[in-house]
Amino acid sequence: VQLQASGGGSVQAGGSLRLSCAASGSIDSIYNMGWYRQAPGKGRELVARRSGPGTTSYADSVKGRFTISGDNAKKMVYLQMDSLKAEDTAVYYCNMDVGQRYGRRSTYWGQGTLVTVSS
């Protein structure tokens, strides 16, 4: 299984970006989808998580500004980021918790996409 993240870039504060993450490979089902980020010199933190349609959670720092969505059938997860702030600058990683053949359950990570917000 591979996860490919895209959509990062440079934007001014107040702007918007939309991240996408596509999964490929042997996946029978998707339990959870998420986005994490790691800022320079800091640990990786959860940004948003989706457990199913209408079941989402967000870090307090992004509530009201970021929206996670996904399509299990297409094996895609998205992160719409609005009203970006300089402190949102980080490498963003997508994450999926999936079910595979023989009842196996595994977690996979994308390669990361850099978001830079200038003030």
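How much accessible surface does the chain have, and what share of that surface belongs to carbon and sulfur atoms? The accessible surface comes to about 6200 Å², and 46% of it belongs to carbon and sulfur atoms. Such areas come from the Shrake-Rupley method with a 1.4 Å probe, and for residues only the protein chains shown count as cover.

A word on the basis of these values. This is a predicted model, in which local features need pLDDT of at least 70, side-chain atom pairs count only at pLDDT 80 or more, and totals for chains, interfaces and linings use all residues. Residues are numbered from 1 along each chain as its sequence is written, and side-chain values use heavy atoms, with hydrogens and water left out.

I turn to the overall form. The chain has 11 strands and zero helices; both are DSSP runs numbered from the N terminus, helices being H or I of at least four residues and strands E of at least two. The C-alpha atoms fill a box of roughly 50 × 25 × 25 Å along the principal axes. Of the 119 residues, 43% count as buried, where buried means under 20% relative accessible area, exposed over 50%, and partly exposed in between, with a 1.4 Å probe and protein chains only.

Strand β1, residues 2–6, has a covered face with L3 and A5, while Q2, Q4 and S6 form its uncovered face. Five bridges join β1 to strand β3, residues 17–24, and the two run antiparallel; strands pair if DSSP finds at least two bridges between them. Within this pairing, S6 stands opposite S20 in β3.

Strand β3 also holds A22. This residue is partly exposed, with a relative accessible area of 30%. Leaving aside residues up to four places away in sequence, A22 touches Q2, L3, Q4, K75 and M76, a contact being heavy atoms within 4.5 Å. A22 and G70 lie 48 residues apart in sequence, with 10.0 Å between their C-alpha atoms.

Finally, is Q100 buried or exposed? Q100 is buried, because its relative accessible area is 11%. Its place is in the loop between β9 (90–99) and β10 (105–109). With residues up to four places away in sequence not counted, Q100 touches V1, S26, D28, S106 and Y108. Q100 and I30 are 70 residues apart in sequence, and their C-alpha atoms are 9.0 Å apart in space.
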